[in-house]
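User: Hi! Could you walk me through this structure while I have it open?

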Amino acid sequence: VELCERAKRPFVFVLNQAVQQAAITQQAVLALSQYGPVATSIVHHRVPYAASMTDGRTAQELDPRGKAAAEMQELWIYVGKQLRKHARQGAA
């Protein structure tokens, strides 16, 4: 956080390998939000992420309609919106 702030660069926390419906997941969101923005898309602990590493594919390639693929799509949409937002602010 300090490095990003000193460099005047935007950042966002992304929860990764989160356990679904675990209290600690929401606690992590609350704790991190005290230091900066937290992505609205949470990447949960899912088998397709581990399985995809065995042959270099992505979880989206293994199961394009699965929950892991949907999480990645949500995360990319979120990141894209943030990048566009910061690009507009930089141009202003």
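This is a predicted model: local features need pLDDT of at least 70, side-chain atom pairs count only at pLDDT 80 or more; totals for chains, interfaces and linings use all residues.

User: Great. Which residues make up the largest nonpolar core?

Analyst: There are 8 residues in all: A39, V43, Y49, A59, A68, M72, L75 and Y78. Helix 5, residues 67-91, gives the most to this core, with 4 residues. As general background, nonpolar side chains tend to be buried together in soluble globular proteins.

User: And what does Y78 touch?

Analyst: Leaving out residues up to four places away in sequence, Y78 touches V12, V38, A39 and T40. Another core, of 5 residues, lies apart from the largest one, and V38 is among its members, along with L15, A18 and I42.

User: OK, T25 next. Where does T25 lie, and is it buried or exposed?

Analyst: T25 lies in helix 2, which covers residues 23-33. T25 counts as buried because its relative accessibility is 6%, and the cut-off for buried is under 20%.

User: Which residues does T25 touch?

Analyst: L15, A18, V19 and I42, again not counting residues up to four places away in sequence. L15, A18 and I42 also belong to that other core of 5 residues.

User: Switching topic: what volume does the largest pocket have?

Analyst: About 200 Å³.

User: Which residues line the largest pocket?

Analyst: The lining is P10, F11, V12, P37, Y78, V79, Q82, L83, K85, H86 and A87.

User: What about L83, buried or exposed?

Analyst: L83 is exposed, because its relative accessible area is 58% and exposed means over 50%. L83 lies in helix 5.

User: How many residues apart are L83 and E5 in sequence?

Analyst: They are 78 residues apart in sequence, and 17 Å apart in space, C-alpha to C-alpha.

User: Last one, backbone. What is phi of K8 near?

Analyst: Phi of K8 is near 55°, a positive value in a residue other than glycine. K8 lies in the loop between helix 1 (2-6) and helix 2. At 71% relative accessibility, K8 is exposed.

User: And phi of Q21, what is that near?

Analyst: Near 60° for Q21, which is a positive value in a residue other than glycine. Q21 lies in the loop between helix 1 and helix 2, and Q21 counts as exposed at 84% relative accessibility.

How values were computed:
Residues are numbered from 1 along each chain as its sequence is written. Side-chain values use heavy atoms; hydrogens and water are left out. A nonpolar core is a set of buried Ala, Val, Leu, Ile, Met, Phe, Trp, Tyr and Cys residues joined through side-chain atoms within 4.5 Å. Buried means under 20% relative accessible area, exposed over 50%, partly exposed in between (1.4 Å probe, protein chains only). Helices (H or I, at least four residues) and strands (E, at least two) are DSSP runs, numbered from the N terminus. Contact means heavy atoms within 4.5 Å. On a 1 Å grid over the protein atoms alone, a cavity is a set of points where a 1.4 Å probe fits but cannot get out, and a pocket is an open set with protein on both sides within 12 Å along at least five of seven lines; lining residues have an atom within 4 Å of a point. Grid points are joined across faces, edges and corners, and a volume is the space filled by probe spheres set on the points.
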